[in-house]
Amino acid sequence: MENKILVTGGAGYIGSHTVVELQNAGYEVIIIDNLSNSNVEVIDGIEKITGKRPLFFELDCNDMEGLKSMFESNTGIKGIIHFAASKAVGESIQKPLLYYRNNIVSLLNLLDLMPQYGAEGIVFSSSCTVYGQPDILPVDENAPIKPALSPYGNTKQIDEEIIRDTVYSGVPYKSIILRYFNPIGAHPSLEIGELPNGVPQNLIPFLTQTAMGIRTELSVYGNDYDTPDGSCIRDYINVVDLAKAHVVSIDRLLKGKTKKEVEIFNLGTGRGLSVLELINIFEKATGVKVPYKIVDRREGDIEKVWALPDYANNELGWTAQKSIEDSLASSWNWQMKLREKGIM
């Protein structure tokens, strides 16, 4: 019998790509998603890629009674991958209560229910924002957790603490916390990709929509940072590579291969690129110009951060494979596919 995995936020960008990899690895997947920043048609894309339709529930993880009902009617869930969260730094500064409610209550509900229904492990979607501005780069998993620069970053720090405290209290499950750097790209089939509702909060969909002419120009937030060209530096990782790390992690939890009750891994490429470098690489990879303007710095942005991924490489046996050029080209191909379909 296939192991059942619950994927919260599974209709979203990273969630949908992870569902594809889970199903390809033989897992039975149940998705719950409130569709606040996703589209139910993503389920069709997953089915086209894998030949198998995951079970889908339109459900908010803050709805405790709804979650209980879902667990009651779908017994045998062995593991959870928890993506469901609000995720934009800038928006979190404007709407802090939304972020604290969505990103913390949802986790509390799941951790509460796991022992009641026999779930053995949870993979948590965390972020490199927990490091704040690191003292040493590249940043490894032992770097100090700095005061958060945004409510979004703070929710990830708090959630990590909640998981550690809960697991160490003696509950019958373990956890792997994955600290992502910056996911980009689309599935090579172009059946799924990044499609935020409304104006994109992330760089790449805004960049591709600008290149397509949907947006007038891309705003680059600041050119006076302490970086070679003055723009912020990030570590950009292909979303399919990122998704595969979740399959490795859930395997590790369910097969009892973890070495501690809570394990933490950085998921990145180990290469830092500035925003202006990224625009230049995109233009070379696609042959399409991106109109942009320099604007004031954005509150909550970290100056520069990129991963030291050695621990994940060696301990998980996982490595980011896709080049930045391939990732950006796939993002552009996805944008063109959306135009062909009349979506955007």
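The model is predicted: local features need pLDDT of at least 70 and side-chain atom pairs count only at pLDDT 80 or more, while totals for chains, interfaces and linings use all residues. Residues are numbered from 1 along each chain as its sequence is written, and side-chain values use heavy atoms, with hydrogens and water left out.

Two packed helices are described by the angle between their axes and the distance between the axes. Helices (H or I, at least four residues) and strands (E, at least two) are DSSP runs, numbered from the N terminus. Axes are lines fitted to C-alpha atoms, for helices over the stretch in contact, and angles run from 0 to 180 degrees between N-to-C directions. Helix 1 (residues 13–24) packs with helix 2 (residues 42–50) at an angle of about 30°, the axes being 10 Å apart. Helix 1 is therefore roughly parallel to helix 2; angles under 35 degrees count as roughly parallel, over 145 as roughly antiparallel, 65 to 115 as roughly perpendicular and the rest as oblique. Ser 16, Val 19, Val 20, Gln 23 and Asn 24 of helix 1 are in contact (heavy atoms within 4.5 Å) with Val 42, Ile 46, Ile 49 and Thr 50 of helix 2. By class, the residues of this contact of helix 1 with helix 2 are five nonpolar, four polar and no charged. In this scheme Ala, Val, Leu, Ile, Met, Phe, Trp, Tyr, Cys and Pro count as nonpolar, Asp, Glu, Lys and Arg as charged, and the others, Gly among them, as polar.

Helix 7 (203–211) takes part in two further packing pairs. With helix 9 (residues 275–286), helix 7 packs at an angle of about 45°, and the axes are 12 Å apart. That angle makes helix 7 oblique to helix 9. The crossing of helix 7 and helix 9 is right-handed. Leu 203, Ile 204, Leu 207, Thr 208 and Ala 211 of helix 7 make the contact with Val 275, Leu 278, Ile 279 and Phe 282 of helix 9.

The crossing of helix 7 and helix 11 is right-handed. In this pair, Ile 204, Pro 205, Thr 208, Gln 209 and Ala 211 of helix 7 meet Leu 328, Ser 331, Trp 332 and Gln 335 of helix 11. The contact of helix 7 with helix 11 comprises five nonpolar, four polar and no charged residues.

Rolling a probe the size of a water molecule over the atoms shows where empty space is left. On a 1 Å grid over the protein atoms alone, a cavity is a set of points where a 1.4 Å probe fits but cannot get out, and a pocket is an open set with protein on both sides within 12 Å along at least five of seven lines; lining residues have an atom within 4 Å of a point. Grid points are joined across faces, edges and corners, and a volume is the space filled by probe spheres set on the points. By this rule there is one cavity of 30 Å³ or more, and the largest cavity holds about 90 Å³ of space. Among the residues that line the largest cavity are Tyr 13, Glu 194, Ile 204, Pro 205, Thr 208 and Gln 209. Helix 7 gives the most to this lining, with four residues.

The second largest pocket has a volume of about 220 Å³. Of its 13 lining residues, the closest to its centre are Glu 141, Asn 142, Lys 260, Ile 264 and Tyr 311. The lining of the second largest pocket divides into five nonpolar, one polar and seven charged residues.

Most residues other than glycine have a negative phi, and most peptide bonds are trans. Leu 35, although not a glycine, has a positive phi of about 60°. A cis peptide bond, with omega of about -5°, joins Leu 137 and Pro 138.

Definitions and conventions. A crossing is left-handed if the near helix is turned anticlockwise from the far one by less than a right angle, and right-handed if clockwise.
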